[in-house]
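Here are some notes to read alongside the model on your screen. Take them one point at a time, and find each residue in the picture as you go.

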Amino acid sequence: MNFADRLKQLPAASHLAALHLLGADGQVLATIENKPGQTGSLVVYAALAALYGGRITPAAASLGLEWYAEHVADAQAFPGKHPNIDRLLAWAQGSESFGVRTVLA
């Protein structure tokens, strides 16, 4: 299934202004905003957090990569072009879990 079709199956995130991704110490590592160019990633990360108890685990990261579908190959070919996919690629290979804090719209 391609990314656009997958997004149609995931819960909407229109109630969110942003997501903060948190390190082990609770510090914000990254923010994904609900704005053009990031809304798809916001939906993916919010759905992963909902499925994995508010955290992005290595298993969650792997599932997220499946959901990003055709965009993963582009991210691998052009590191830095898709930072939200780059992050999942790294996290899927690790052992850490990262917290997710929602910011309501």
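1. Let's begin with a working term: a contact means heavy atoms within 4.5 Å. Among the contacts in the protein chain with a separation of 6 or more, 59% join residues 24 or more positions apart.

2. Some housekeeping before we go on. This is a predicted model, in which local features need pLDDT of at least 70 and side-chain atom pairs count only at pLDDT 80 or more, while totals for chains, interfaces and linings use all residues. Residues are numbered from 1 along each chain as its sequence is written, and side-chain values use heavy atoms, with hydrogens and water left out.

3. Now the overall plan. The protein chain has 5 helices and 4 strands (helices are DSSP runs of H or I with at least four residues, strands are runs of E with at least two, and both are numbered from the N terminus). Starting at the N terminus, the order of elements is α-β-β-α-β-α-α-α-β.

4. What about the overall dimensions? The C-alpha trace spans about 30 × 30 × 25 Å along its principal axes. The radius of gyration of the protein chain is 13 Å, which agrees with the value near 13 Å for a compact globule of 105 residues (it is taken over C-alpha atoms, and the globule rule is 2.2 Å times the number of residues to the power 0.38).

5. Next, the surface. The protein chain has an accessible surface of about 5600 Å², and 55% of that belongs to carbon and sulfur atoms (areas come from the Shrake-Rupley method with a 1.4 Å probe, and for residues only the protein chains shown count as cover). Of the 105 residues, 43% are buried. Here buried means under 20% relative accessible area, exposed means over 50%, and partly exposed is in between (1.4 Å probe, protein chains only).

6. How many residues of helix 3 are buried? The count is 8 of its 11, so this helix is mostly covered by the definition of buried. The buried ones are P58, A60, A61, L63, G64, L65, W67 and Y68. They pack against helix 1, helix 2 (39–51), strand 3 (55–56), helix 4 (71–77) and helix 5 (83–93).

7. A69 follows helix 3 and lies in the loop between helix 3 and helix 4. Its phi is positive, about 45°, although A69 is not a glycine. With 24% relative accessibility, A69 counts as partly exposed.

8. Which aromatic rings pair up? A search of the whole structure finds 2 aromatic pairs, and one of them is F3 with Y68, stacked at 5.2 Å centre to centre with 10° between the planes. F3 lies in helix 1 (residues 3–9) and Y68 in helix 3 (residues 58–68), so this pair ties together parts that are 65 residues apart in sequence. F3 is buried at 12% relative accessible area, and Y68 is buried at 3%. W91 and F98 are also stacked, with ring centres 3.7 Å apart and planes at 10°. W91 is buried at 12%, and F98 is buried at 7%. (Rings of Phe, Tyr and Trp, using its six-membered ring, pair if their centres lie within 6.5 Å; planes under 30 degrees apart count as stacked, over 60 as edge-to-face and the rest as tilted.)

9. Now try H20, which sits in strand 1 (residues 16–22). Is H20 buried or exposed? At 19% relative accessibility, H20 counts as buried. Its side chain makes a polar contact with the side chain of T31 at 2.9 Å (a polar contact is a pair of N or O atoms within 3.5 Å; within protein, one must be able to donate a hydrogen and the other to accept it, and residues adjacent in sequence count only if both atoms are side-chain atoms). Leaving out residues up to four places away in sequence, H20 touches V28, A30, T31, G99, V100, R101 and V103.

10. Finish with R55 in strand 3. At 33% relative accessibility, R55 counts as partly exposed. The side chain of R55 reaches the backbone oxygen of S97 at 3.0 Å. Beyond four places away in sequence, R55 touches L48, A49, A60, S97, F98 and G99.
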